[in-house]
Amino acid sequence: MAFGPYLFLATLEGLVMAAVLALTALGLSLVFGVMRVVNVAHGEFFMLGAVLAWAVATTVSGHPALGFLAALVVSPLIVGAVALVSERLVLRRVNYNPEATIVATIGILYILQQLALTFYGPEARPVVAPFDYRIRFPWFGYSAYKLSIVAASALVLAATWFLLARTRIGLVMRATQFDAETATAFGIPVDRVYAGVFAFGAMLAAVAAVLIVPIQQAHYLMGHDPLLLSFIVVIIGGLGSLRGTIVAALLIGLSDGIISVFFSPTLAKIIATMAVALVLVFRPQGLFGVAAR
Amino acid sequence: MADLLTLEKVDAGYGEVQVLRGMSLALRKGEVLCLLGLNGAGKTTTLKAIMGLVQTTAGSIRLGDVELTRLPAHEVPKAGIAYVPQGRRLFAELTVAENLEIGLMTRGRGDVTRETVLDLFPVLRERLKQRSGTLSGGEQQMLAMARALCVEPDVLLLDEPTEGLMPSMIARIRETVATLRERGVSTILVEQRVDAVLPVADRVAFIQNGRNRETVDVEKLRADPALVRHYVGVG
C-alpha cells in the first residue's frame, strides 16, 4: 500500500482509539475535577462495563444488534450502580480525603478485578458487533462499526457537554467543582453531587467499554491500559476540562495509531509518556486546565 | 423587637481546634448586628457555625423555631439564611448570570427575585454574561451580595464586605445594608474597623476568644468610645 492510504488507515485506527479514550478519560477527569478524587479504580469500571456487555449480549437471543443495544443500556447502568455503592461505602467514609481515596480506590480496583476473575473467569471473550458492514475506500475496505464508534463517542461527548454547560445539573456540578463549601452555603447537597459524578464518570467508562468490546475482547485484566492512557490524556488536557480531554484524547489516540503503524507501539507509548513529562514541567495545569488557586 | 436568630452557648471549631467557646448571640428582627473583634476572635467561625459549615459540638442555634444544628449544612440556606463569605468566594469561572442562578436555586422566586436584586445592583445587569472572576473588586462584592439576596433571606450574614474596597464602594455597600434593613432583612455584619460599622449598625457585639463579651447599642458606643479600645484595642 502507498504511503497516503497507509497514513489514512493509521489515522482511522487512531480516531477509533481517540474516541474510546476521550470517553474513558472524561469520566476520570470529571471525578477528579469535581471531587478531587484520583480514581485508580476507573479502569476497572471500564473492565466491568466490557465484562457485563458480554454477559448481557450473550443472554439476549436474536440478532446481535439486540444483544449489543441491551448491553449498551444495561451495562453502564449496572456499573453506575456499583460506583454509587463504592462511593457511599468507601469514599464518603474517608471524607473524600485525597490521599485516603487513592488507597481506597486501589482497594476497589482489586476487589472488582478479583470479582471479575471469580465470576467471569480468566478467558478473553468477544461480543459480536451489532452489524457487519465494510465501507469500501478506493484503497481498502474498513469496518463501518469502527467508524460508528467514533460517531457514538462524539454523540455522548456532545451530550455530556450539553449537560455540563446548558443544564441546571451541570451548573450545580461546575459550582461544586469550583468551591464545594460555598456551594453548600447555597443549598447544594455536595455529597449527592459527588455520588452522582462518581457514578456518571464510571458510566462513561462503561459506555466506552461496551463500544470497544466487539473489536477488543472482554478480559478481567483489560482495565490497566485505559487507566494509564486516561491519566495521560487528563494530565495533558487539564483535569476537569472537557475541551482539554477531547483535544488530548485526539492527540494521544492519533499519535498512538499513526506511530504504532509506522514505527512501533512501544515508541508511541514512550512519546505519550514524554509528552506528560513535558506538560507536568512546563504547564502543570494541563493544556486547558485552570492553574491552582 | 423579637429575637429572630439565637445562638446559645455554642462550641464549634475545625476538627480538634475549638474556636467558639460558649458563644451566645441574639439577632433581632430587622436589625443590623455587627460582630467586632480582633483577627482570630471567632467572628467568621460564628457565621460558619450558623451556616453549618463548621462542626458545632455543643449549644443551640435557632432561627425562629428551627434548630439549625440539626439540619444538614445544605438545608440551612433553605431555612432563610444567606451568606456572603469573606473574600466573596464567587464561582469565578461562572458568569454573573450563573452565579445569580445558583442563589435563585436555593429558595428564590425565579425572575421576580432576580429583577428585584438587579434593581439593587444595576451595574450587574450590564455584566450578566461576563465571567465573574473578571469583574472589578467592587463589582465582585456587589455580585456576592446579589447572589446571597437571590436566596430571599430573612437573615443575611456578611463577612467583611468592605475589605479591600475603595471608599465610594464602601458607602454603596452601607447604603445597600440600610435598604435591606428597611425591607425587613436582619443582618449580621462582621467587621474589623469600627468606623465601617457605626453608620449602619444597630448593635455591636464584641467577640473575644470565641465568646461574645458584650452586646451594646450603637448609641452607647458612640457615647463611650473607650469600649472599643477595651475590646478591640483601637478606636
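Tutor: Two strands count as paired if DSSP finds at least two bridges between them. The strands themselves, like the helices, are DSSP runs numbered from the N terminus: at least two residues of E for a strand, at least four of H or I for a helix. The model is predicted, so to speak of a local feature we need pLDDT of at least 70 and for side-chain atom pairs 80 or more, while totals for chains, interfaces and linings use all residues, and side-chain values use heavy atoms, without hydrogens or water. Residues are numbered from 1 along each chain as written, with chains lettered from A and ligands numbered from 1 in written order.

Let's settle on chain B and begin with its sheet of four strands. This open sheet has the order β2-β1-β4-β5 in chain B, and its pairing is antiparallel. Which strands stand at the edges? They are β2 (17-28) and β5 (66-67) of chain B; each has a single partner strand, so one side of each is left without a neighbour in the sheet.

Now follow strand β1(B), residues 3-14, which has partners in β2(B) and in β4(B). Towards β4(B), residues 55-63, there are seven bridges, and the two strands run antiparallel. You can find some of the facing residues yourself: Glu8(B) is opposite Ser60(B) in β4(B), and Asp11(B) has Ala58(B) as its bridge partner. Towards β2(B), nine bridges hold another antiparallel pair, and here Gly13(B) stands opposite Gln18(B). β1(B) and β2(B) form a hairpin with two residues between the strands, where Gly15(B) takes a positive phi near 60 degrees. As you look along a strand, keep in mind that in a regular strand the side chains alternate between the two faces of the sheet.

Next comes the other sheet. Here six strands of chain B make an open sheet in the order β6-β7-β8-β3-β9-β10, with mixed pairing. Its edges are β6 (81-84) and β10 (211-217) of chain B, each pairing on one side only. On average, neighbouring strands in this sheet are turned by 20 degrees against each other, direction ignored (axes are lines fitted to C-alpha atoms, for helices over the stretch in contact, and angles run from 0 to 180 degrees between N-to-C directions).

Stay with β6(B) for a moment. Strand β7(B), residues 155-159, runs parallel to β6(B), and four bridges join the two. One facing pair is Ala82(B) with Leu156(B) in β7(B). Helix α5(B), residues 137-149, packs on the sheet and touches both β6 and β7 of chain B (contact means heavy atoms within 4.5 Å). The direction of α5(B) makes about 165 degrees with that of β6(B).

How is chain B divided into domains? Domain 1 takes residues 3-80 + 153-232, and domain 2 takes 93-152; such bounds come from an automatic or database domain assignment. Taken over C-alpha atoms, the centres of domain 1 and domain 2 of chain B are 23 Å apart. At their meeting place, 18 residues of domain 1 of chain B are in contact with 15 residues of domain 2 of chain B.

Let's finish with a helix, α2(B), residues 96-107. Which residues of α2(B) are buried? By the rule used here, buried means under 20% relative accessible area, exposed means over 50%, and partly exposed lies in between, with a 1.4 Å probe and protein chains only. The buried ones are Val96(B), Glu98(B), Asn99(B), Leu100(B), Ile102(B), Gly103(B), Leu104(B) and Thr106(B). What covers the buried residues of α2(B)? From chain B, the cover includes α3 (111-120), α4 (122-125) and α5. The cover also includes a helix from the other chain, α6 (168-178) of chain A.
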